[in-house]
Amino acid sequence: MRKRLLAPFFLSALFLAACGGGAKEEKKDEGAGIAPAEDHSMVAPQQSGQELMDGSDCKTCHKPESKLVGPSFKDIAAKYELNDKNVKFLADKIINGGSGNWGEVPMAPHSNFTEDDAKEVAKHILETYGPAK
Ligand code: HEC
């Protein structure tokens, strides 16, 4: 008799617990979905060209105004007009490195840069040090 009374009680308690748990999880999901800070950083993780350069080794070989191991950014910006073709060309050079355009000393490859990052950097150099400015 006792067992019979307890069984449904026990079952419904389990059921409620399961439901409660489910509801809580749903709320958690909702919260994560709403959090705009998280989503935002997922959509716009891109660092600026300057930040990317600051985080890399460019300045060991390049200076803004004067030649070091590589050409100055001003010279680079004077040589290449700001357009999609040049941005892509310089982005590839930043990623793959190479020599021949300024002399025999090769530019170091930066294979850790994505195409988009490298383009951002190339654009930044041409925009910031270009004659238009
Ligand atoms: C080890 C030295 C070194 C480092 C580090 C370096 N560069 Fe260079 N860079 C060079 C040299 C040397 C050249 C000239 C290459 C040539 O003659 O084609 C050059 C050329 C360039 C050019 C012009 C490419 C061309 O074909 O005209 C750009 C743009 C450039 N570097 C950007 C960068 C950026 C951005 C970084 C950092 C992510 C960087 N460099 C790091 C040495 C370096």
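The model is predicted. Start with the overall build. The chain has six helices and zero strands. Read from the N terminus, its elements run α-α-α-α-α-α. The chain has 133 residues, and 24% of them count as buried.

Now turn to the charged side chains. Side chains of opposite charge can pair when their charged atoms come close. In this chain, three salt bridges are counted.

Take Lys-88 and Asp-92. Their side chains meet in a salt bridge, with 3.0 Å from N to O. Why are they separated by about one helical turn? Because Lys-88 and Asp-92 are four residues apart in helix 5. Lys-88 is partly exposed, at 38% relative accessible area. Asp-92 is partly exposed too, at 25%.

Lys-88 also has a salt bridge with Glu-115, at 3.5 Å from N to O. This pair links distant parts of the chain: Glu-115 sits in helix 6 and Lys-88 in helix 5, 27 residues apart. Glu-115 has a relative accessible area of 30%, so it counts as partly exposed.

Glu-65 is exposed, because its relative accessible area is 55% and the cut-off for exposed is over 50%.

Next comes the largest pocket. Its volume is about 600 Å³. The lining of this pocket has 33 residues, and those nearest its centre are His-62, Gly-70, Pro-71, Ile-76 and Met-107. Helix 5 gives the most, with four. What is the lining made of? By class, 19 of its residues are nonpolar, nine are polar and five are charged.

Finally, look at the surface. Leu-68, Val-69 and Val-105 form a nonpolar patch there. Together they have about 240 Å² of accessible area. Where is Val-105 placed? Val-105 is in the loop between helix 5 (84–96) and helix 6 (115–129). Val-105 has a relative accessible area of 55%, so it counts as exposed.

Conventions. Residues are numbered from 1 along each chain as its sequence is written. This is a predicted model: local features need pLDDT of at least 70, side-chain atom pairs count only at pLDDT 80 or more; totals for chains, interfaces and linings use all residues. Side-chain values use heavy atoms; hydrogens and water are left out. Patches are made of residues with over 30% relative accessible area and no salt bridge: like charges are joined within 9 Å, nonpolar side chains (Val, Leu, Ile, Met, Phe, Trp, Tyr) within 5 Å. Accessible areas come from the Shrake-Rupley method with a 1.4 Å probe; for residues, only the protein chains shown count as cover. A salt bridge is a side-chain nitrogen of Lys or Arg within 4 Å of a carboxyl oxygen of Asp or Glu. Helices (H or I, at least four residues) and strands (E, at least two) are DSSP runs, numbered from the N terminus. Buried means under 20% relative accessible area, exposed over 50%, partly exposed in between (1.4 Å probe, protein chains only). On a 1 Å grid over the protein atoms alone, a cavity is a set of points where a 1.4 Å probe fits but cannot get out, and a pocket is an open set with protein on both sides within 12 Å along at least five of seven lines; lining residues have an atom within 4 Å of a point. Grid points are joined across faces, edges and corners, and a volume is the space filled by probe spheres set on the points. Ala, Val, Leu, Ile, Met, Phe, Trp, Tyr, Cys and Pro count as nonpolar, Asp, Glu, Lys and Arg as charged, and the others, Gly among them, as polar.
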